[in-house]
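Please look over the sequence and the structure before reading on.

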Amino acid sequence: MLLGGEAVTPTLWRRLAETEGTVGYNLYGPTEYTINTLGVGTFECQDPVVGIAIDNTDVYVLDPWLRPLPDGVPGELYVSGIGIARGYLGQPAQTADRFVACPFGEPGGRMYRTGDLVSRRPDGNLVYLGRTDQQVKIRGTGSNWARWRPRSPPTRPSGSSPRSPSPTPRSTAPTGWPPTSC
């Protein structure tokens, strides 16, 4: 059974591992890197992690200054390799923010800044810990919370009566947002 898109719970991982004739495989990857970047099977690991890099892919756990972090220390996940996208069509600022020079590979190489907080275990598997930003998924699409700020209330035109109806300001954010934690 292939799993992806959301974190796998320990209960589901154990259940798949214990079900005879069933193999669970957790796949992780952003769209900006041809979907799958990391993977691990229930037969390879006792607990749910996001796995190790697939072929032709390099992953890095880095601090804010792009320095590699030792095992067990949380940092942002960066991905490079043959599957990296060119950027966001018509969005040069967002492309420049997320697709950065890769100091670890060939000259001119790039890596994708995922925004995911991970740590590397001594066995090489990466553990997903949350987000480094306020991105949330709405109907399967990632969106940054900053884009969902409530609009300011409309002003009444001069000379209008206080009793005249005015539109009620509406927030574009769902009730209960922003979340207080990842």
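In which strand does N26 lie? N26 belongs to strand β2, residues 25–28; strands are DSSP runs of E with at least two residues, numbered from the N terminus. The model is predicted, so local features need pLDDT of at least 70 and side-chain atom pairs pLDDT 80 or more, while totals for chains, interfaces and linings use all residues. Residues are numbered from 1 along each chain as its sequence is written, and side-chain values use heavy atoms, without hydrogens and water.

**The sheet**

Strands β1-β2-β3-β4 form, in this order, an open sheet of 4 strands with mixed pairing. Its edge strands, each pairing on one side only, are β1 (2–3) and β4 (52–53). Two strands pair if DSSP finds at least two bridges between them. The β1 and β2 pairing is parallel, over 2 bridges, and L3 has N26 as its bridge partner in β2.

**Around N26**

N26 counts as buried because its relative accessibility is 5%; buried means under 20% relative accessible area (1.4 Å probe, protein chains only). Beyond four places in sequence, its contacts (heavy atoms within 4.5 Å) include W13, L38 and V50. The N26 side chain also reaches the backbone oxygen of V49 at 2.8 Å.

**The aromatic rings**

There are 3 aromatic pairs, with ring centres of Phe, Tyr or Trp (its six-membered ring) within 6.5 Å; planes under 30 degrees apart are stacked, over 60 edge-to-face and the rest tilted. One of the pairs is tilted:

| Pair | Centre distance | Plane angle |
|---|---|---|
| F99 and Y112 | 5.1 Å | 45° |

F99 in β7 (residues 99–101) and Y112 in β8 (residues 110–120) are 13 residues apart.

Methods: Buried means under 20% relative accessible area, exposed over 50%, partly exposed in between (1.4 Å probe, protein chains only). A polar contact is a pair of N or O atoms within 3.5 Å; within protein, one must be able to donate a hydrogen and the other to accept it, and residues adjacent in sequence count only if both atoms are side-chain atoms.
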